[in-house]
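Could you walk me through this model in my viewer, one selection at a time? I would like to know what to pick next and what I will find there.

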Protein chains: 4
Amino acid sequence: MTDAITDEMDMDPIMSDGEHRVKRNFQQKVFVNRSLTLENIKCYGFDMDYTLAMYKSPEYESLGFELLRDRLVSTGYPHELLRYTYDPSFPTRGLVIDTLYGNLLKVDSNGNILVCSHGFRFIKGETIQNYYPNKFIQRDDTERFYILNTLFNLSETYIYVCLVDFFTRCTRYTNLLKGFQHGDLFMSFRSMFQDLRDAMDHIHDTGTLKERTLKNLEKYVMYDPNLPVLLTRIKELAKVFLATNSDFTYTEGIMKYLLENPAKSGNIKASWRSFFDLIVVDTKKPQFFAGGNVLRQVDTHTGKLRIGTYTGDLQHGTVYSGGSSDVICDLLGVKGKDILYVGDHIFGDILKSKKRQGWKTFLVVPELSKELQVWEDKKNLFEELKRLDVFLAELHKNQDSSSTDPEISSIQYRMKVLTYRMDMSYGQMGSLLRSGARQTLFASQLMRYADLYSTSCVNLLYYPCNHLFMAPPVLMPHESTSPYPISFTPSDLSVTKMRQKRNI
Amino acid sequence: MTDAITDEMDMDPIMSDGEHRVKRNFQQKVFVNRSLTLENIKCYGFDMDYTLAMYKSPEYESLGFELLRDRLVSTGYPHELLRYTYDPSFPTRGLVIDTLYGNLLKVDSNGNILVCSHGFRFIKGETIQNYYPNKFIQRDDTERFYILNTLFNLSETYIYVCLVDFFTRCTRYTNLLKGFQHGDLFMSFRSMFQDLRDAMDHIHDTGTLKERTLKNLEKYVMYDPNLPVLLTRIKELAKVFLATNSDFTYTEGIMKYLLENPAKSGNIKASWRSFFDLIVVDTKKPQFFAGGNVLRQVDTHTGKLRIGTYTGDLQHGTVYSGGSSDVICDLLGVKGKDILYVGDHIFGDILKSKKRQGWKTFLVVPELSKELQVWEDKKNLFEELKRLDVFLAELHKNQDSSSTDPEISSIQYRMKVLTYRMDMSYGQMGSLLRSGARQTLFASQLMRYADLYSTSCVNLLYYPCNHLFMAPPVLMPHESTSPYPISFTPSDLSVTKMRQKRNI
Amino acid sequence: MTDAITDEMDMDPIMSDGEHRVKRNFQQKVFVNRSLTLENIKCYGFDMDYTLAMYKSPEYESLGFELLRDRLVSTGYPHELLRYTYDPSFPTRGLVIDTLYGNLLKVDSNGNILVCSHGFRFIKGETIQNYYPNKFIQRDDTERFYILNTLFNLSETYIYVCLVDFFTRCTRYTNLLKGFQHGDLFMSFRSMFQDLRDAMDHIHDTGTLKERTLKNLEKYVMYDPNLPVLLTRIKELAKVFLATNSDFTYTEGIMKYLLENPAKSGNIKASWRSFFDLIVVDTKKPQFFAGGNVLRQVDTHTGKLRIGTYTGDLQHGTVYSGGSSDVICDLLGVKGKDILYVGDHIFGDILKSKKRQGWKTFLVVPELSKELQVWEDKKNLFEELKRLDVFLAELHKNQDSSSTDPEISSIQYRMKVLTYRMDMSYGQMGSLLRSGARQTLFASQLMRYADLYSTSCVNLLYYPCNHLFMAPPVLMPHESTSPYPISFTPSDLSVTKMRQKRNI
Amino acid sequence: MTDAITDEMDMDPIMSDGEHRVKRNFQQKVFVNRSLTLENIKCYGFDMDYTLAMYKSPEYESLGFELLRDRLVSTGYPHELLRYTYDPSFPTRGLVIDTLYGNLLKVDSNGNILVCSHGFRFIKGETIQNYYPNKFIQRDDTERFYILNTLFNLSETYIYVCLVDFFTRCTRYTNLLKGFQHGDLFMSFRSMFQDLRDAMDHIHDTGTLKERTLKNLEKYVMYDPNLPVLLTRIKELAKVFLATNSDFTYTEGIMKYLLENPAKSGNIKASWRSFFDLIVVDTKKPQFFAGGNVLRQVDTHTGKLRIGTYTGDLQHGTVYSGGSSDVICDLLGVKGKDILYVGDHIFGDILKSKKRQGWKTFLVVPELSKELQVWEDKKNLFEELKRLDVFLAELHKNQDSSSTDPEISSIQYRMKVLTYRMDMSYGQMGSLLRSGARQTLFASQLMRYADLYSTSCVNLLYYPCNHLFMAPPVLMPHESTSPYPISFTPSDLSVTKMRQKRNI
């Protein structure tokens, strides 16, 4: 087996010589929010879905979308909905559904609205205030606002937009503030959202999506020959565990494809389970990071749970169900700060493991490939935005506040155009991480809770196993020696201006 | 009246000519976390305590400390406690009391422990792990951890440290993990904390602290002649309200001293109430920013509440009690994003007004004077820390992970010494905002929730009334063009190293 | 149609002449806790399961038991469990599972333990105190104690007893206080209970029990020709609704059998829906009596829900899903006190409708047939118990408290024997309603919340439609002129006795 | 000491010979809800206020009323309120304030409204439905409904009625559904209730009521020479504790008066504390019966708490503060079912100790004196009510439901008159325990949770110390051999009647 792996690694063009490393491109980089030495990491944990197993986009989201759409039609929604197909250019992760008004919102970390759409129609500043007078939402109101945090939510996001679009434009229905009326029936945005959640639960409970995925792994799941290489390398130096919310059968199907793929990796015969010291399925994150559940053994022959609770020592290759982060630390004999946990779910994987357990965290952000690409291509737009910002400030200080300078308006208009152009380069709802110069809620959570982040976990392979990931020191505004805040004091005395005002 | 004010302003050396403005020093600056144009602000709100009214330090904290100490002794604590006096060099705002183990903690935004003291004894790395195996606390556990967020808490913080110190060293008491034993009596850290809270409530309920303050305003409250100037200037351009948790009698006593001080401001006869469009006492922040309470009128002759709820329009100079942020917006006819609220309480004033209501926020941080001073003086230590950090990374990449480089240890030791020296420059518990290169929980909340911050609200006077406060754009690590993250890839192939390892 | 019904009624031997009415036996009586005039009832509501549809016992419970047992074995429980079969003489409704110790408890309304079994082994006074020192449980602790309130719970009750019995006696397992140990596996009583709940959910979610019932209605559901007669009669005088937690498909299957049965009721062609003014399925009681859920129409052709919320007027024969008790009152135009609601679930149907909505209530208690039979047969035991009680009191007053009278012991022993004999006449866990002279929790809830109760709802037929059900006035002890409390004052002066005691 | 006590007991005319016992009147009886042998009681617990210490009525309630009234006026309520004085004939314990509509309600155990007043105006059937369409309240809605459970609440009840009365009749105020309007002020019933609660808290916090009581004990507290006799007698046979929510100073003042009263009991010199094995003040019932609080020693010289928690064994005569029912059982070495707890608060003393801890309970109901008196005097009214009830039922069965019998109406009217006359015999809000034939919420709780009840705890003295209190067996309606339910079957066939109806 070691030979096979060594061959595999030698085959890897990126690792084979120093020259390539120089060319290491953005896509392969791991980015750092807080400094971290791999040397201190004694244990690596991995989520499975969208972490070890990357789903092919938009094939996988399309599949989810179609299952949801068909389920909704089969529960009574109009057949016209079948005409909609998934459009990957529309939805972005991290958006918020306002179940009261049926809007899709993009917000910053404080709840200020950055973008708002109703169906496919984008709502602009003036009209937004009809819905949200302060252009602001209390996002703690989770009864009303639903955050679409995961990549699994993309199909859900899009179908909800399609529903709103359909009923808004369908002449049989009257548009009301909180929904649609058709004869005796009132279809509230809230009930449509509830129907969508029920459809999602149905697809999950019946296992349709998983079944379809397992039947056509080539179509839906990316195969990455570097993954077994990474896991092998890590396992020699540290403990490795898998902690997934998926059930055993699905986990086994996916992991065999990724780690025991003879068609791709030659004659590897090692079981996928041998790559891990501990495998836990049905973890029910985020509860897993709080009280957790009972830990049971899985019978790997039948996929069924053993009755009773496992109380013994760790046995290699055993698969468990349930448990909690505390139990895992006990079984593996490690402390929270010695663990680097790699996952894709900003809330369930990253925020919770960091905040409740003090784990080190690595967020997988597949969208980063595109984000980096666009950033590279359109950096000039951002630079121009920055220049205009400074210029605007200059203008500002030179004008009297009582008059409105037409030049200021024209600059502000130009800035809006630039922001829009930047946004559109990412997709119709713009970037996952920003809208013009402002960051999204998702971006701020990423910066607060993820120590590291990258397009894929496999990128860890491009760093030595004792690598020191180093973050720049964060300076507070008063500590900073940067030219900001630039002082835009008017040249004339403010006292003078105030006197003038008073005379008016 | 206008003449008087104009004179006042002319008298102000800072405002009188451009030259001084150039010299505008750090102490007078307003710092910016998120860009904000004063031109858009239609309404200014002010907290009173530690915002309009700056208490003299350490006189005021000493007074609070003595009242607490004497109360504890009168409720049965040993007379030996009377020997303790307030030491302003010890406590810092934003610390956390662990009521289980009696420790005082300084933590970062994720709950990692930066500094830990038990009484006056500082606990170091190895010993910390006895208490906190992961050097981490779940700070959501508010049953156990009590955050000392306000300047009012400083005396409380210090007396708790004195209590722990006394019993730890008193030979009559046996030291146990969760408290002290003396014969039949067990004094838990938790019960000591409870006694302290009760003493605090007693002082508050009996009004002793307020009474003593009002009797000697010169001793305890700073008088700033610029304050009436600021309020007058603002009121000509925007609406102004006062929203304080204090009661009417105390508010009137303090505000008269600040705004109707004939000894200081000459012949000003205007009532302090005329500086505000709306005055609200007994606001019960933070509830004020959620559901709030009933709004009642205060009879300004008797200081008593009028019965019933006020339902009419805003009347100038009327004083109200209770209410909520929503009611205030209605009465003043403004929206949340048009308000700049100035306060000193990171949670009750700033976080809540920002998160629940979308207000613009200005945090008053009196400690900033000292923080800025130390930062200027000791910036070289921080620069050296940064250089060592980079150097350490360089060393790191050039050594094999299996051996420990003595040079690395010596650098790490040097870094600890530098961090300690920096910390000590601020006081025994270090800076309010950082410990070496790491930021405190308080600093991270300040950056997230306060749009502006400064040593005093009066510093607004040094900016024109249409000033554009401009924040530098925040770049995420993958967007940044800075030299970070520096790539510390080992020159030898990591694959080679792995092979070697495998052979061992 | 009226002819058919009239014929039907003429066919009814019970109704056809006065003589039968005289013979009206206990089984046909409706009992009264609080007076109620049918004349004032403007609306009758019915639950379906165990109310309109009486399941055949023990066939139906046996079916449930077997499905549960087989499911548990298929999830890993030992095959030996298959040897157990349902024994209707063991379980009683209203028992409590203590999930901590695996015991089955019968308690009174204040939580005092009346009977306790561990598996099939009954635990006696002394041993009970090992588990429950005060012979008392805090039944509000619903995390620990699970009340088996419904007839559906009988099979669940029995399988849990079988599980505890099996593992207690199986030599492979070691008996511990909170469960069983087998090698590395610990099987807690709590986890066994959880497995049982999961198995129950599985059977419910997959619809197995419902499917099997619908396939063999003759075997599992009693057909009562009087039911359509009752509903017809009521509907002429008042409004009638059906409110069931079952889904539409199952409801339709059952109700067709009961109300459209051509084999039994001749050529009736009326739809079962025509018997009701309003039919609501999926009611989710008890939430139905609180906030409730969205009300949707059911497409009676497909059984699927219509999308959107129904907002129109009541349409006869329409089937709805969800809703709430408030919505039903609105649709039918009745107030809570005008409704007589007939159900079998003491908590979900009766307590909640009474306490939250002020409805009149009629509890169906099928066990009452047996209870009445045994009561008739064994009344002499109860009379003897009462006599002994009085005799004991007499003895008591004539003896000195410091000595123990052997006669008292022998009477107390005799009373225990009588209580046991009475209990055994009902079944192994005794009566649903009492244990000797003490009433069960179920009995006390029945008396508090059910205005009327009877073996079957069809018994309403034996009373005229303007019948006044009359309860005897309840007198409080101090109002009562009954011989109780009998004064058992010792004939010698208590003072004397006290003096004597003091001398000893 | 024993001599003194023996003398004392010999002096007691009631105990001195058998003849008196024969005359033992209703006022001296202890009534029994559930059988209980004193012989099994190993520990007696007593509440103080209204249990050991009986306050003189109406002097004490008047004092409370005046303090509340004056406080309200001093906080801004109109001076006209000072004209109101306490009227003991109006309020009854156990009433409910509806803070939404300002009504005072008397309800039965299921929330059905028995009596309703608005100020002093009684609201009748038709008008009640404007407020409460179903003549029913959801009394679980404790945000809206406030239950006045204790004798301390009587003054509060009455002042609220006065407030509503005053504003309703004052021409300056407009009557609205939820309060009163006067110019810009809206005085909601809810805010008036809040003001009342605040006034109550003020009186409690400042200790005014306690101070006034201690200054004039003769006026406000009944002295009963039998109390020390009872406690002495009990203490020889069982353990005795005092558990009061009052503080130490007040407790000592009251208990000295009751137990160390030289003016009354001669030369007794024993400390009041010697009557108890354990004294606990500041118990914070009902929390005392749940988690409880920290147990501290009270320094009986200073009345202050000792710092730290007491962890030693029970010391006789020591006074503690706080604690919990569990701690008390531990200190005294008794189990819950061995304790008879005597108190006056149906919720805080009786329901909680019974439901949470399984204690035996004895409810002191001072009102019972009057209730018994009226019951004796007016029993004939109740008998006539019962006769009319039966007669009504007879009439009922003989008439056709479609017609209304004038005789029925006249009987129903007569019954209303009788009910009203009975109610008025008790006071304006009627009896504590019933309204005509229906029992109040208070009565039903008394029957469920109090094992024994009596006018005073001293009545225990009239029973020997091994007395068996015996309750009559409670029969359920189907078990009863009483003439109820009388069968009022119409003589004509109901079928016939239905046929006739159908023809119409």
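Start by selecting helix 4 of chain D, which gives the most to the lining of the largest cavity, with four residues. Helices (H or I, at least four residues) and strands (E, at least two) are DSSP runs numbered from the N terminus. This is a predicted model, in which local features need pLDDT of at least 70 and side-chain atom pairs count only at pLDDT 80 or more, while totals for chains, interfaces and linings use all residues. Residues are numbered from 1 along each chain as its sequence is written, chains are lettered from A and ligands numbered from 1 in the order in which they are written, and side-chain values use heavy atoms, with hydrogens and water left out.

**The cavity in chain D**

Now show the whole lining: Tyr50(D), Tyr60(D), Glu61(D), Gly64(D), Leu68(D), Leu151(D), Phe152(D), Ser155(D), Met200(D), Ile203(D) and Leu209(D). Helix 4 (59-74) and helix 7 (189-206) of chain D are the elements that give two or more residues to it. A cavity here is a set of points, on a 1 Å grid over the protein atoms alone, where a 1.4 Å probe fits but cannot get out, and lining residues have an atom within 4 Å of a point. How much space lies in the largest cavity? About 90 Å³, where grid points are joined across faces, edges and corners and a volume is the space filled by probe spheres set on the points.

Colour the lining by class and you get eight nonpolar, two polar and one charged residues. Ala, Val, Leu, Ile, Met, Phe, Trp, Tyr, Cys and Pro count as nonpolar, Asp, Glu, Lys and Arg as charged, and the others, Gly among them, as polar.

**A sheet in chain D**

Stay in chain D and pick the open sheet of five strands, in the order 7-6-5-4-8 with antiparallel pairing. Two strands pair if DSSP finds at least two bridges between them. Strand 7 (121-122) and strand 8 (145-147) of chain D are the edge strands, each pairing on one side only. Zoom in on strand 6 (residues 113-118) of chain D, which pairs with strand 7 of chain D in the antiparallel sense over two bridges. Ser117(D) has Phe122(D), in strand 7 of chain D, as its bridge partner.

**Over to chain A**

Chain A has an open sheet of five strands in the order 7-6-5-4-8, with antiparallel pairing. Its strand 7 (121-122) and strand 8 (145-147) stand at the edges, each with a single partner strand, so one side of each is left without a neighbour in the sheet. Strand 4 (residues 96-98) of chain A is joined to strand 8 of chain A by three bridges, and the two run antiparallel. Select Asp98(A) and look for its bridge partner, Phe145(A) in strand 8 of chain A.

Phi of Tyr50(A) is near 60°, a positive value in a residue other than glycine. Most residues other than glycine have a negative phi, and most peptide bonds are trans.

**Two cis bonds to finish**

In chain C, the peptide bond from Lys285(C) to Pro286(C) is cis, with omega near 5°. Pro286(C) sits in the loop between strand 13 (278-281) and strand 14 (295-297) of chain C. Back in chain D, a cis peptide bond joins Lys285(D) and Pro286(D), with omega about 5°. Look for Pro286(D) in the loop between strand 13 (278-281) and strand 14 (295-297) of chain D.

Note on methods. 1 Å grid on protein atoms, 1.4 Å probe; cavity = no way out; pocket = protein on both sides within 12 Å on 5 of 7 lines; lining within 4 Å.
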